[in-house]
2 protein chains.
Amino acid sequence: MIMSRIEAPRDEATGNLVDRLLGGLPTEAVLTDPDVTASYANDMASFCPAGAPAVVVLPRTVEQVQHVMRTATELRVPVVPQGARTGLSGAANATDGCIVLSLTRMDRILEINPVDRIAVVEPGVVNATLSRAVNEHGLYYPPDPSSWEMCTIGGNIGTASGGLCCVKYGVTAEYVLGLDVVLADGRLMSTGRRTAKGVAGYDLTRLFVGSEGSLGIVVRAILALRPRPPEQLVLAAEFASGAAACEAVCRIMEGGHVPSLLELMDRTTVKAVNDLAHMGLPETTEALLLAAFDTADPAADLAALGALCEAAGATQVVPADDAAESELLLQARRLSLTALEAVKGTTMIDDVCVPRSRLGEMLEGTERIAEKYQLTIGVVAHAGDGNTHPTVCFDAQDPDESRRARESFDEIMALGLELGGTITGEHGVGVLKKEWLAREIGPVGVEMQRAIKAAFDPLGLLNPGKLF
Amino acid sequence: MIMSRIEAPRDEATGNLVDRLLGGLPTEAVLTDPDVTASYANDMASFCPAGAPAVVVLPRTVEQVQHVMRTATELRVPVVPQGARTGLSGAANATDGCIVLSLTRMDRILEINPVDRIAVVEPGVVNATLSRAVNEHGLYYPPDPSSWEMCTIGGNIGTASGGLCCVKYGVTAEYVLGLDVVLADGRLMSTGRRTAKGVAGYDLTRLFVGSEGSLGIVVRAILALRPRPPEQLVLAAEFASGAAACEAVCRIMEGGHVPSLLELMDRTTVKAVNDLAHMGLPETTEALLLAAFDTADPAADLAALGALCEAAGATQVVPADDAAESELLLQARRLSLTALEAVKGTTMIDDVCVPRSRLGEMLEGTERIAEKYQLTIGVVAHAGDGNTHPTVCFDAQDPDESRRARESFDEIMALGLELGGTITGEHGVGVLKKEWLAREIGPVGVEMQRAIKAAFDPLGLLNPGKLF
């Protein structure tokens, strides 16, 4: 992991920077206490170096963001945009001497329109806040990353985040219709539209989704909504092998089913969840599949899906009786990463997505890697998408174990690429995987991506050292 | 309409160009007969100037496309990529002395995978051919432009085309997972993935969708498929005013319904269809709404939707009894543009998309414009998307009427922008609307779009004079 270190500015330079920032921001929006600014240095990724910010700014208006970017451009100071810092790839990590631009105070929902099925929001709105607000209008904002109670829409846009819903409803990218973006030089650009369709020029909106704050600062988003679906009903299916569970996934998808959720937890994960929360999940099983439907007749749909699970070798198929039981099963799934973290104190969470027909090979290969490195690696997966989160559990105080953790983490990405997959399904590249990005997209791809970066940010001030 | 004219190369230059092209292409793939090449000059748009191609090439392989682009770059000859030339904005029109690069012979379906729900295709595959092929595997490729029996997937990607399905299934962009692209200098770049999800780097795939051949040549596409839905059942609702029909559309969408189709035909269109095909549609109505569901119980869903239509003032609501009756109603809709063309011999088809809550104002305003210019303007609309196709009928032999047609066409776009809409929902910008693109996206947007163009095509050889 090489990270471009930017030399920390001298105090005088920082003083000048702060003075200039205060020319367009209220005092309470400019944080300079090193203890405070240090607390903004990291997101939630392991193994990602972070520098010391010169200053943290917390603007409330578009004009204030423009002022920050104009100041940064004039003084040639790098800017690291941040949401709630729940990211898992170091994409929000500070660099030495940077301005941390936290968008968390721009947290207004500006509009919810049930006829046009859109919401207009500021970037700092928390995902769960938006979800609940649109629910009240009979609407649904699908993207639901595990961190949905904390993470912001701006962060979700920056990393193009996914969640449990994607197997039916797709990822964040599919819900972003238009953006207001403050460019590196402080100019404001609008992309996209508030209409259901539109093809006027290049799709800059989608270019920004997943760009990890490296092309501009999203200050407003027009989001597409769906009608709120019926409550989903969940089924749990136990399998005596990961291979059998993956076979079931293939049969379900090949059979034309559209579950609203299709998740997999391996035995390591199930055990970790039981250890943490005493949920009484079946530990004798090698793989637990959770499936759900939010259709008009979910019980009937689950019955058909359950039959496919049995045909693929499920040892037990248990549909939930009601919404409450469904919610309990989902809680177990949502606790997975926290539970795996408790195993050894620290985790590295891979995010490899493979064609779902290769899911079985991915699971098998991950098991091999865990054995090779003598590590506990729990696998939770958005199985319906082929998106696996092999989670390496390790003791960060143990240098040798830490080294093995990092190596196994990388080997899992190599396996994903071998199987025709991608190094990241929904967590992004950040600092953690930037060497791997080049391996995935190749030299021509990298060159064209850099050319786009240069077109938007010729001085290289926006989130330097990320992605490439 | 100003179009950059490129001076026709001298015969010697053309001779040299053809010789160089023949160095990497079989003779039958290089057309030079002026009568033949002239037949490749235009797509289906009116009022779009077109030049005389120097040569038309019809490669069958990626390597041949690379050879064409390398030759073009060496000799600085512009290249105009083409599919079936069914486009409606002049985006495929030749420029003087250009190489027309027709992708129609690269028409193989390389893979259909029901577990991964993807198809891998060459750009020249006809939309209907792909649709039928995936149907046989129980799968569904939703994008269904009116020209689906002729248009190619490559053309669909170039214009990000839509269709009747979009109200439920979205546009082409949502079905393109990955691309192989030959760049202006002949290098091959792969974008995207064959997985359900992926966020490795900037979304170049989506950048190419809708780029009208101005950034590179798509030579292979990985497309997402859905399970084939049940056959849809259609309902027709008659309204005594366009406003009432639009009110029904708003109530339907606000009510959380997800029809698989929600189309509007105004009286002018209904009459034109009857005149052409004697379909016996109700001519006393001011607006006809067609709605469909492809759900498990379409009759029940149509009944609920029909009740909303009645509440909004429908004078008659007639659900189809079966698939055959449904198909008849859809045929009427699909004949609309042909029927309107028969009114005066020529049409200009607008493609303004407005927030669906503004659809009523759009219809009303279009009527006002028709009166002002003393023209027949029939409106068909993907009403559920707010995507209207006001179709100006005129006699191209009458210079005054032609002038009025063009002016009314532009005034309709101005109205769309006023209502918070876009100048193009699914047909693209091409030559026809390039001055309007700047009006819609503003100077900063244009500057950034040009910067992207320059990054991919520094010599400006790819489809010059389009978009900007």
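**The interface between chains A and B**

In this predicted model, 72 residues of chain B are in contact with 72 residues of chain A. Between them the two chains bury about 5700 Å², and 61% of that area is on carbon and sulfur atoms. Three residues stand out on the chain B side: Lys197(B), Val199(B) and Tyr202(B) supply 17% of the area that chain B buries against chain A, more than any other three residues.

Next, the polar side of the interface. There are 26 residue pairs in polar contact between chain B and chain A, counting pairs with both residues at pLDDT 80 or more. Which elements of chain B supply at least two residues each to the side that touches chain A? They are β9 (188-192), α7 (204-208), α8 (242-254) and α15 (434-456). Of these, α15(B) gives the largest share, with 13 residues. By residue class, the side of chain B that touches chain A divides into 35 nonpolar, 23 polar and 14 charged residues.

Now the charged pairs. As a reminder, side chains of opposite charge can pair when their charged atoms come close. The rule finds 8 salt bridges across the interface of chain B and chain A, and the count over all chains comes to 51. One of the salt bridges is between Arg206(A) and Asp203(B), where the closest N and O atoms are 3.1 Å apart. Arg206(A) lies in helix α7 (residues 204-208) of chain A, while Asp203(B) sits in the loop between β9 and α7 of chain B, so this pair joins two chains.

How is chain B superposed on chain A? A rotation of 180 degrees does it, with 0.0 Å of shift along its axis and an RMSD of 0.0 Å. This is the relation of a two-fold axis. Of the interface residues of chain B, 100% are also interface residues in chain A, so the copies meet through the same surface.

Last, an annotation. The unreviewed UniProt entry places a domain, "FAD-binding PCMH-type", at residues 49-228 of chain A.

Terms used
Residues are numbered from 1 along each chain as its sequence is written. Chains are lettered from A and ligands numbered from 1 in the order in which they are written. This is a predicted model: local features need pLDDT of at least 70, side-chain atom pairs count only at pLDDT 80 or more; totals for chains, interfaces and linings use all residues. Side-chain values use heavy atoms; hydrogens and water are left out. Contact means heavy atoms within 4.5 Å. Buried area is the accessible area (1.4 Å probe) that two parts lose on being put together, summed over both. A salt bridge is a side-chain nitrogen of Lys or Arg within 4 Å of a carboxyl oxygen of Asp or Glu. A polar contact is a pair of N or O atoms within 3.5 Å; within protein, one must be able to donate a hydrogen and the other to accept it, and residues adjacent in sequence count only if both atoms are side-chain atoms. Helices (H or I, at least four residues) and strands (E, at least two) are DSSP runs, numbered from the N terminus. Ala, Val, Leu, Ile, Met, Phe, Trp, Tyr, Cys and Pro count as nonpolar, Asp, Glu, Lys and Arg as charged, and the others, Gly among them, as polar. UniProt positions are given in the numbering used here, feature names are shortened, and annotations may be inferred rather than shown by experiment. Copies are superposed by least squares on the C-alpha atoms of residues with pLDDT of at least 70 in both.
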